[in-house]
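Thanks for coming. I will take one structure today and go from the whole chain to a few single residues. Please have a look at it first.

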Amino acid sequence: MEIIKNKKIYTLLLFLFMAVSCKKEYLDPNNLSFYTPEAFKSAEALWATLVACERNMRIEYYGDAAPIVTETIYSDIAVEGTTDKPGPAQDLNQAITPDAQLNHTDYNKIGWYWNEGYRGIRYANTAIKYIDAPEDYSSEAERNQLLGSAYFHRALRYYRLTQQFGDVPLTLEEISEPKLDYYTTKREVILHRMKEDLEFAQEWVPDNVNKGQVTKGAVSHLLTKVNLALGLFDEAIQSASNVIDGGVYKLMTNRFGVDANDASKNVVWDLHRPENKSLASNTEGLLLVIDRLNIDGNTDNGTTIGGTQSMRNAVPYWGNAGLLTPAGNGGMSDQPNIEIDQVEAYGRGIGRVRPTWYTQKGMWKDTTDLRHAPGNWMDMEDLVYNRPSLKGADPYYGKHLQLRNAQGTILSSDTIRQWFGWPHYKLFVEDPQRVQPAGGKSDWYIFRLAETYLLRAEAYFWKGDLAMAAADINKVRERALAAPITAADVNMGTILDERARELYYEEPRKTELTRIAYIFAITGKTAENGKSYTLEAFSENNYFYDRVMAKSDFYNKGVKTNFGVTYTMSPYHVLWPVPISAINGNSLGHINQNKGYAGSESNIPPLEEIPAEGNN
């Protein structure tokens with residue numbers, strides 16, 4: 001496979017899409033299309049609309065406070081670690097409201113998901129509307145591949161929106177005139193339509209495509225998630241099996257790629273090297289986003305350096321002067337080119353993503369697990385005191401960090417932000433454009449076969465076939481050299497533990513937790529905590545909240561930041577608030593607000609069928 005082709009028409013149309021979309025929200029009534037069938041007389045031009053979808057998909061994983069940070073901290077595996085200001089998503093009861101700042105680097109990216117979700121839908125709808133405009137398709141198969149790819153992009157956004165916000169407006173057409181009359185559509189209705197579209201796409205989208213484009217494997221993977229969300233467990237098993245048993249994709253179990261000859265590394269390290277993710281020999285990636293130095297369309301915007309900034313976002317603020325030696329001196333330096341240069345090795349983190357104790361210690365049961373092994377996983381005690389001024393003046397220079405001195409005094413001024421472990425193998429991305437590396441350009445996995453196994457395991461769990469669920473979980477564990485589990489070990493907590501171990505800072509954790517909470521409410525199945533749930537009381541009593549409370553050592557402990565903000569969460573946070581701007585700008589229709597947030601008292605029943613054209 002190749003990287004996405006660099007053609008002038010792609011660049012031109014992408015620029016036009018961005019020029020319009022950067023100034024307007026999709027549900028803004030004045031956000032109109034200027035496209036005509038004449039603009040898409042060539043198939044190449046219509047394919048370019050999907051380049052905009054691909055770019056939109058990529059942005060979730062890139063930049064300071066990348067949106068994936070919000071997905072990660074809004075769950076059981078991490079919290080927001082920025083402790084030097086008010087506003088970040090910590091006291092969720094106070095900070096997360098419909099009229100709050102919901103799209104801000106220092107606060108959260110909830111509003112980003114709403115805006116960019118609908119922006120991606122708009123791009124996809126453009127391709128769908130003009131699917132028969134090109135006059136130069138090479139075959140009916142090319143036409144249907146393009147349509148199937150557009151269906152995938154639309155379905156991906158609606159899958160995410162319906163797990164983040166629940167019932168949302170559904171639009172299946174390109175908007176070309178002012179529109180003020182959106183109505184909320186029931187989540188299940190939307191998902192059923194996306195299922196139909198994905199089934200078409202599964203038939204027509206091939207696997208042999210350019211890297212960064214939609215693959216058949218990605219379509220079947222997303223269809224599995226939609227089937228699960230609808231409670232169609234047999235169909236979820238079948239769509240997952242289409243990927244697992246299709247003969248194209250295999251878990252990477254042998255050394256490969258740029259560091260293959262480095263005996264100090266292992267296959268888990270190889271799997272997450274930026275240089276290896278898009279290799280033809282890597283048979284695990286189902287869908288990736290592409291970001292490289294010196295290619296058109298990368299995440300540089302002309303004024304700032306882009307890149308993942310994965311280390312800035314998710315590595316502790318270890319270079320801060322607040323980490324003291326046992327002798328009482330500031331012990332750390334994140335400056336490069338000093339005698340003990342640790343910033344080049346681990347990056348300059350600021351601790352936005354602060355993993356819970358569960359993530360760092362509680363979920364790790366096997367000392368042999370490569371995902372938590374020395375060299376792959378870092379603990380603070382692996383760092384050494386490296387401030388140059390300590391040399392000759394402090395006996396701890398060059399020695400490993402300690403959290404407490406001999407008297408038991410904590411040697412950190414902020415243990416939330418400065419003291420935690422992290423998966424170095426996944427977050428480390430070389431960053432030659434910055435003096436202090438923060439996380440540079442890298443391709444990134446959107447879907448990976450390891451998750452497909454865990455999705456099929458989940459479907460087997462819902463059906464009560466715990467032996468088959470264990471077999472699929474063990475496929476992932478065996479690659480990591482973790483001990484196999486038995487059928488008796490399997491419950492939803494087991495599956496979520498494995499997802500956290502395998503997919504940290506990769507999966508949209510909040511989305512998946514809410515999806516699972518919905519399934520518990522739909523089925524009434526008793527969870528591992530002994531409780532059962534209903535849709536009627538979803539915002540007051542749900543598995544999402546109970547899982548977070550059971551695993552977090554922040555929301556359930558009354559922890560306060562140095563700034564004095566207390567971490568809080570409530571059951572209604574299972575769904576995010578719809579931004580008030582979307583509701584207020586929709587003067588001739590009605591977009592519902594989620595229960596628990598101001599404005600929900602005005603809700604009306606959501607639509608329970610696909611809206612007629614012109615009424616969605």
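Among contacts in the chain between residues at least 6 apart in sequence, what percentage join residues at least 24 apart? It is 73%, where contact means heavy atoms within 4.5 Å.

Before going on, a word on the source. This is a predicted model, in which local features need pLDDT of at least 70, side-chain atom pairs count only at pLDDT 80 or more, and totals for chains, interfaces and linings use all residues. Residues are numbered from 1 along each chain as its sequence is written, and side-chain values use heavy atoms, with hydrogens and water left out.

Now the overall build. There are 21 helices and eight strands in the chain; these are DSSP runs, helices being H or I of at least four residues and strands E of at least two, numbered from the N terminus. The chain is as compact as a globular protein of 616 residues, because its radius of gyration is 24 Å, close to the 25 Å of the globule rule. That radius is taken over C-alpha atoms, and the rule is 2.2 Å times the number of residues to the power 0.38. The C-alpha trace spans about 75 × 50 × 50 Å along its principal axes.

Of the 616 residues, 62% are buried. Buried means under 20% relative accessible area, exposed over 50%, and partly exposed in between, with a 1.4 Å probe and protein chains only.

Next, the inside. The largest nonpolar core has 149 residues, and F152 and Y505 have the most contacts inside it. Such a core is a set of buried Ala, Val, Leu, Ile, Met, Phe, Trp, Tyr and Cys residues joined through side-chain atoms within 4.5 Å. Helix α16, residues 449-463, gives the most to this core, with ten residues. Leaving aside neighbours within four places in sequence, F152 is in contact with L198, V214, A218, V219, L222, L287 and F447. A second, separate core has 20 residues, including W47 and L146.

Last, two loop residues. Y505 sits in the loop between α18 (492-503) and α19 (509-523). Its phi is positive, near 55 degrees, and Y505 is not a glycine. Is Y505 buried or exposed? Y505 is buried, with a relative accessible area of 1%.

N337 lies in the loop between α11 (310-314) and α12 (343-346). N337 is another non-glycine with a positive phi, about 60 degrees. N337 counts as exposed because its relative accessibility is 71%.
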